[in-house]
Amino acid sequence: MDTGTLSDRAAKGDYEAAALFFVRPEPDILRTVFSSAYVPPNGGAYARAIDPELDANLTRAASVPNGPEREAIYSWIQHHVIDSAYVVPVYVQAYRLGTNNTIHGISFATNASPLFYDAFLTN
């Protein structure tokens with residue numbers, strides 16, 4: 001279906017399953033997807049859970065500096081959303097990329113897609 005129809009149906013909750021694709025290299029992206037503050041019409045189309053314990057941990061994690069405590073909170077969040085079936089991980093998108101020693105400057109986006117902006121060849 002076209003993007004407009006998909007967005008409209010997702011905002012209305014008119015779907016049985018949806019593929020989520022995270023491209024931000026920061027675990028706080030989980031707050032915008034799973035916090036009840038973002039249940040439509042207040043935000044993202046896929047937030048549906050009203051879970052006070054999850055909300056509290058998402059809020060807390062956003063205010064804790066990088067380190068073991070923050071990692072532990074996000075670990076709990078990830079396990080909780082899976083154990084509660086708010087999300088069901090089905091696959092990890094894989095890319096295969098072959099190069100040789102004459103290709104340089106390839107980098108990767110946060111979703112593991114290869115970026116060729118700075119790529120170049122040498123002899």
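D28 and R31 are joined by a salt bridge, their closest N and O atoms lying 2.5 Å apart. The term salt bridge is used here for a side-chain nitrogen of Lys or Arg within 4 Å of a carboxyl oxygen of Asp or Glu. The structure is a predicted model, in which local features need pLDDT of at least 70 and side-chain atom pairs count only at pLDDT 80 or more, while totals for chains, interfaces and linings use all residues. Residues are numbered from 1 along each chain as its sequence is written, and side-chain values use heavy atoms, with hydrogens and water left out.

The surroundings of this pair can be described by accessibility. D28 has a relative accessibility of 11% and counts as buried, a class that covers values under 20% relative accessible area, with exposed meaning over 50% and partly exposed in between (1.4 Å probe, protein chains only).

By the stated rule, the model contains 3 salt bridges. Another of them links D14 with R9, and here the closest N and O atoms are 3.2 Å apart. D14 is partly exposed at a relative accessible area of 41%, and R9 is likewise classed as partly exposed, at 30% relative accessibility.

There remains the pair formed by R60 and E69, a salt bridge whose closest N and O atoms are 3.3 Å apart. R60 shows 39% relative accessibility and counts as partly exposed. For E69 the relative accessibility is 44%, which also places this residue in the partly exposed class.
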